[in-house]
Amino acid sequence: MKEKPSGTSRGQFSNVGFILAAAGSAIGLGNLWKFPYLTGSNGGGIFVLVYLVILVTIGFACGLAEMALGKHTKLNPVGAFRTISKKWAIAGFLGILIPFFISTYYVVIGGWITDYLFHFIGSGASAMAPDTEAYFNALISDPIRPLLWTCVFVAINLVIVSVGIKNGIERANKVMMPALFVLLIVMAIRACTLPGAMDGIRFFLQPDFKSLSMDTVAAALVQVFFSLSLGTGCTLTYASYLPKETDLVRNALIVPALDSTVALLAGFVTLPAVFAFGFAPEAGPGLIFITLPAIFNAMPFGNILGFLFFLLIMFAALTSSVALLEPPIAWLIDTFRVPRKRATIGMCLASLLVAVPVSLSNGPNGWQIGGRSFFDFVIHITEDLMIPISALLLCLLVGYVWKRDSVRQEISQGGMYSFRVESVWYVLLRYVAPPAIFFVWLTSSGIL
Ligand code: TRP
């Protein structure tokens, strides 16, 4: 298997283009769907605190390492690992497999979003009210309906990719991402001023150290990687399109800052509303699907705002799902010279195929593995088991195998950019991240 040599044929991002694309990949269902429900089911403020601590330490260290590796090698994950050391190529395969598996449930949730969006167009929030919980449960356990919407979601993905990332995604990103920020702020203000919202704000911001457990730490670490798209091949692949003159340290700060701002805003929208409307914060994956329509139903202009909001979630999900398919597609093209169109259609179909049992497993007679629905099983295997291993291998490769001088040269561009954090970063990468990730992996995999 040969990798395509680096060169202009791979295309290049401008630095702003990279930040937009990296933020587009990072900001997605992980922020808007997952972060609020994880916070709800992991004790509130304590989860947020642990999440932020891990974000600025291990998240930053791994992010910078992944960007440096991608930019240096200008290759897909397999090629990048192999360039530093032949023996490590196998680790790069995780960067191809993981995004594929994520895509199989990402498109199912994308399907739920599509269903909500279309019902908002039809009859507004009243389509889900008064019992938003019953609506959600009926949707996900239906054998046909979510799958039809999943097909619609995948079809939109295909259209975007065929229009071209540059014309489709990049241009739309510039409008939709700022719009998402503004709407989230408006919604957060609305949610925080609902009667009874104060309890939710307290729950979200006040860490209760009694609920700190190894499970909380494990959930937070897994979420940091998932939300930043780390250890999943994507940041690496995107960084491989970066021009030589790029301040990586700055990028490794900006992307997580944007990403976590969106996650926190999503928390300020959801949790106060959960308390105000008397829902249980531990509701799990259905949380935003159950609470948000209830808020929209109760607020002036709720139908329009609700439609806009689900449109933006849909957009955030699309910029991520398109990015999820990029590492496997890039690998098929680089390695087997499959034409891009064929590679894209093939990956979409493969993802849909696995999405069928994933979606069906939420139904009454769904496929169960080890006491988990197949849906939860795929999430568990990818996020709890594979992503931490992939991130651990990345830390070890960049921290120990790749020569320090060469790393420094890549990140500082021979002194052109400040790399004052070098020694702290190395300590994090060598001595903090690997044991922390390993211990968490023992917990999240169920071994401990
Ligand atoms: N970060 C994305 C989100 O928060 C999910 C994700 C993980 C992802 N790894 C990825 C997206 C790789 C694109 C590429 O929703």
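Predicted model: local features only at pLDDT ≥ 70, side-chain atom pairs only at ≥ 80, totals over all residues.
Figure 1. The largest cavity has a volume of about 140 Å³, and the second largest cavity holds about 100 Å³ of space.

**Figure 2. Residues around the centre of the largest cavity.** The lining of the largest cavity is made up of 14 residues. Those nearest the cavity centre are Ser-25, Phe-226, Ser-229, Ser-320 and Leu-324. By residue class, the lining of the largest cavity comprises eight nonpolar and six polar residues, with no charged residue.

**Figure 3. Helices contributing to the largest cavity.** Two or more residues of the lining of the largest cavity come from each of α1 (15-26), α6 (94-123), α11 (214-227) and α15 (302-336). The largest share belongs to α15, which provides three residues of this lining.

Figure 4. The lining of the second largest cavity contains 10 nonpolar residues and four polar ones, and charged residues are absent from it.

**Figure 5. Helices contributing to the second largest cavity.** At least two lining residues of the second largest cavity are supplied by each of α1, α3 (45-73), α12 (234-239) and α13 (248-276). Helix α1 is also listed among the elements that give two or more residues to the lining of the largest cavity.

Key: Residues numbered from 1 in each chain as written. Heavy atoms only, no water. 1 Å grid on protein atoms, 1.4 Å probe; cavity = no way out; pocket = protein on both sides within 12 Å on 5 of 7 lines; lining within 4 Å. Points joined across faces, edges and corners; volume = space filled by probe spheres on them. Helix = DSSP H or I, 4+ residues; strand = E, 2+ residues; numbered from the N terminus. Nonpolar A, V, L, I, M, F, W, Y, C, P; charged D, E, K, R; others polar.
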